[in-house]
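Thanks for coming, everyone. Please bring the structure up on the screen, and I will talk you through two parts.

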Amino acid sequence: MIVVGAVGAVTRLIAAQIRGKQHDPAVLVLDPQGRWCIPLLGGHSGGAEQLAREIATDLGGAAVLTGACSSERRLPLDCLGERWGWRRGGRVEAWRDLMQAQARGEQAAFSQRSGNRTWHQGCDQALLCDTTLPSTTDSAVQLSIGPQSAAPCRWHPASLWVGVGCERRTSRNLVERAIEESLRDAGLAQDAVAGLASADRKKDEAALLQICRDQAWPMRTFGSEQLNNVSVPNPSQQVFAEMGTASVAEAAALLAAGNGSQLHQTKRIFHAEGEERGAVTVAIAEAKVPFAPQRGELHLIGSGPGDPSLLSFDARQALERCVAWVGYSLYLDLLEPLRSREQIRLEGQLTREWDRCAEALALAQQGARVALISSGDSGIYGMAGLAMELWLQQPPDQRPSFTVHPGISALQLAAARAGAPLMHDFCTISLSDRLTPWSVIEQRLQAAAAGDFVVALYNPRSRDRDWQLGRARELLLEQRSESTPVVLARQLGRHNEQIKHTSLRDLQPSSVDMLTVILIGNSSTYSTDGHMVTPRGYPGATLN
């Protein structure tokens, strides 16, 4: 609930409806000008604090956070898993006690069995004691991250695959009862279930499809040959005679969970009771890597040239949503003032773009909200293309949401600093032949020169590529005057930004590096008083 008005008035309006922390929705109050966004109720459990940050970012205002975790810059253990795609379990009273103990500076014992562990980056390690994995009866652990249901406070990554075999037209009630009892008796939480698995012959079984639809679980099915190749503890000749495989539930669970998985619950057979019909076999396997792409988000973010003030509201809001920021260290450093304590950064090497894309996609497939960060605009010489190629290679049911957020490209800021050089048709050409053959780059330079385009050159010169810019200058001079204005824009949007005006004749390749964008005018571009201008009216145009 978002209310525009006075905090006192809102408090009186909702007072009679407040029932307790476990029932509180997120209630936020905005002032009429949108300058302040205040989470009044449900700060952690209802997600109000996170929503306040996102709304404030979108409106250009500020979130007023009065909770202890925010004011003391502590990691909020009771909501840290939301953006990782985990489900919360346990007792409300236990979570309250844990957060109060954390506020007193007391150490909490926790164990983590599954899910990404990089959340530790934002935590005060003195407040957490990483224990060995407990048994289901170990009461010493206060916080558990994994599929177990014993600890009083729990986060559940989606790591369990439930293998199911059943008679045709088995009733839904029986299947649900079998799954619930199997999980409970194994000390596992239903919130940790990633999906169901079975034989191909069960892909149209009504009860399984209904359960998967209502629980938002995927269902994976396998052929009898695949199932028969899996070593299981309880093969059955009777099942082999009927299905062509000695195991359905156990084998399907292990196949769905993938390499390195283990069975938590060997197969159990459940028969119909009362008005139920049919029979069900259930087994449960745990995957090494969680799987919840339906919860995950992959955001391709263009950080702009470097100054956070040039980051678009759209990109800034997406950054606020994401728990993991993936990118080259230089780009992450530029955005560091915007990162909160619970948001982790995953750095990659400059030339390992595919690796960064794969890492970001894998995290989003686990259910996390992930920002994959490029400089400038992610869709212009950035990561959007590579990431989308990898995303499209995934089966549709394994794709997290995918959004490209535009940013201000170096070309745009260079043009703004130079004056108004892009008032007519222009093009961009990268001089890096690492991914494009130089012969193709030469064709583009010749075509741009012949077409009289204003040209922006990216990646003009590096230590190992020291001749390409000189050759590009030669090709442009075949079609363009030596006096053609040129602007060298270096370190755009950063404290040591440099803008230099020159001409094609006087352009010195040795003065250029990879941090420079070059703007080269067309035949009508001129430079006056330190400003570069391309007239909108092209010579020879007929004005009506």
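Start with helix 12 and helix 13: their crossing is right-handed, meaning that the near helix is turned clockwise from the far one by less than a right angle. Helices here are DSSP runs of H or I with at least four residues, strands are E runs of at least two, and both are numbered from the N terminus.

A word on the source. This is a predicted model, where local features need pLDDT of at least 70, side-chain atom pairs count only at pLDDT 80 or more, and totals for linings use all residues. Residues are numbered from 1 along each chain, and side-chain values use heavy atoms, without hydrogens and water.

Back to the pair. The axes of helix 12 and helix 13 (residues 384–392) come within 9 Å and cross at roughly 50°. The two helices are therefore oblique to each other.

Who touches whom? Glu-353, Trp-354, Cys-357, Ala-358 and Leu-361 of helix 12 meet Leu-386, Ala-387, Glu-389, Leu-390 and Trp-391 of helix 13. Contact means heavy atoms within 4.5 Å. By residue type, this contact has eight nonpolar, no polar and two charged.

Now the largest pocket. It is lined by 42 residues. Which of them lie nearest its centre? Tyr-331, Glu-353, Tyr-381, Asn-459 and Met-514 do. Glu-353 is also in the helix 12 contact with helix 13. Strand 21 gives the most to the lining, with three residues. Helix 12 (353–365) is among the elements that supply at least two.

Note on methods
On a 1 Å grid over the protein atoms alone, a cavity is a set of points where a 1.4 Å probe fits but cannot get out, and a pocket is an open set with protein on both sides within 12 Å along at least five of seven lines; lining residues have an atom within 4 Å of a point. Axes are lines fitted to C-alpha atoms, for helices over the stretch in contact, and angles run from 0 to 180 degrees between N-to-C directions. Angles under 35 degrees count as roughly parallel, over 145 as roughly antiparallel, 65 to 115 as roughly perpendicular and the rest as oblique. Ala, Val, Leu, Ile, Met, Phe, Trp, Tyr, Cys and Pro count as nonpolar, Asp, Glu, Lys and Arg as charged, and the others, Gly among them, as polar.
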